Amino acid sequence: MAGIDTVATALEAIGAPRAAQQVRVRWDDRRRHSAHCATRKLTAANAGRAQQAAVTQLAAVRAALAVLGDRVPDHLVAIAELRLQHPQAGMGALGRLATPPLSKDAVAGRLRRLIALAERHTPRPDTTETS
């Protein structure tokens, strides 16, 4: 902005205050437009990442339920069913749909615990090598 102030000050010094004001207004408009475009790009990128995370989590929840069968605690089954019923919903929305309502952190924690529980029950391939 120092360059714009210098130009505007020079215009005022030579007797062109309206031109100085126009320079400042145009600069502010460009700056606002650039900030708006950057915000839109970040918002779109965040939405894309959230959508991909939801797809990944949905697959992990399905796999966890398949691995665990009927060994899933009720509170984890409830949140898993909500995730399956509402695949595009965010954590906050899932929390509001839960009975009783949960915070988005509680929803995320329960889904993480479900997936971790399934990982612990998933048989691992034998890693010992015989040559």
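Trainee: What makes glutamine 57 count as buried?

Mentor: Glutamine 57 has a relative accessible area of 16%. Buried means under 20% relative accessible area, exposed means over 50%, and partly exposed lies in between (1.4 Å probe, protein chains only). So 16% puts glutamine 57 in the buried class. Keep in mind that this is a predicted model, where local features need pLDDT of at least 70 and side-chain atom pairs count only at pLDDT 80 or more, while totals for chains, interfaces and linings use all residues. Residues are numbered from 1 along each chain as its sequence is written, and side-chain values use heavy atoms, with hydrogens and water left out.

Trainee: Which residues is glutamine 57 in contact with, leaving aside its neighbours within four places in sequence?

Mentor: Those are Arg83, Met91, Leu111 and Ile115, where contact means heavy atoms within 4.5 Å. Glutamine 57 itself is found in helix α2; helices here are DSSP runs (H or I, at least four residues), numbered from the N terminus.

Trainee: Why are α2 and α5 called oblique to each other?

Mentor: Look at the axes, which are lines fitted to C-alpha atoms, for helices over the stretch in contact, with angles from 0 to 180 degrees between N-to-C directions. The axes of α2 (residues 17–68) and α5 (residues 104–121) come within 9 Å and cross at roughly 50°. Angles under 35 degrees count as roughly parallel, over 145 as roughly antiparallel, 65 to 115 as roughly perpendicular, and the rest as oblique. The pair α2 and α5 is therefore oblique.

Trainee: What is the make-up of the contact of α2 with α5, by class?

Mentor: On the α2 side the residues include Gln57, Ala60 and Val61, and on the α5 side they include Leu111, Leu114 and Ile115. The residues of this contact divide into 11 nonpolar, two polar and no charged. Ala, Val, Leu, Ile, Met, Phe, Trp, Tyr, Cys and Pro count as nonpolar, Asp, Glu, Lys and Arg as charged, and the others, Gly among them, as polar.

Trainee: And how do you know what to call α2 against α3?

Mentor: The axes of α2 and α3 (residues 74–85) come within 10 Å and cross at roughly 135°. That makes α2 oblique to α3. Gln57 turns up here too, with Leu58, Val61, Arg62 and Leu65 of α2 meeting Ala80, Arg83 and Leu84 of α3. By class, this contact has five nonpolar, one polar and two charged residues.

Trainee: Is alanine 44 buried or exposed?

Mentor: Alanine 44, also in helix α2, has 52% relative accessibility, so alanine 44 counts as exposed.

Notes: Helix = DSSP H or I, 4+ residues; strand = E, 2+ residues; numbered from the N terminus.
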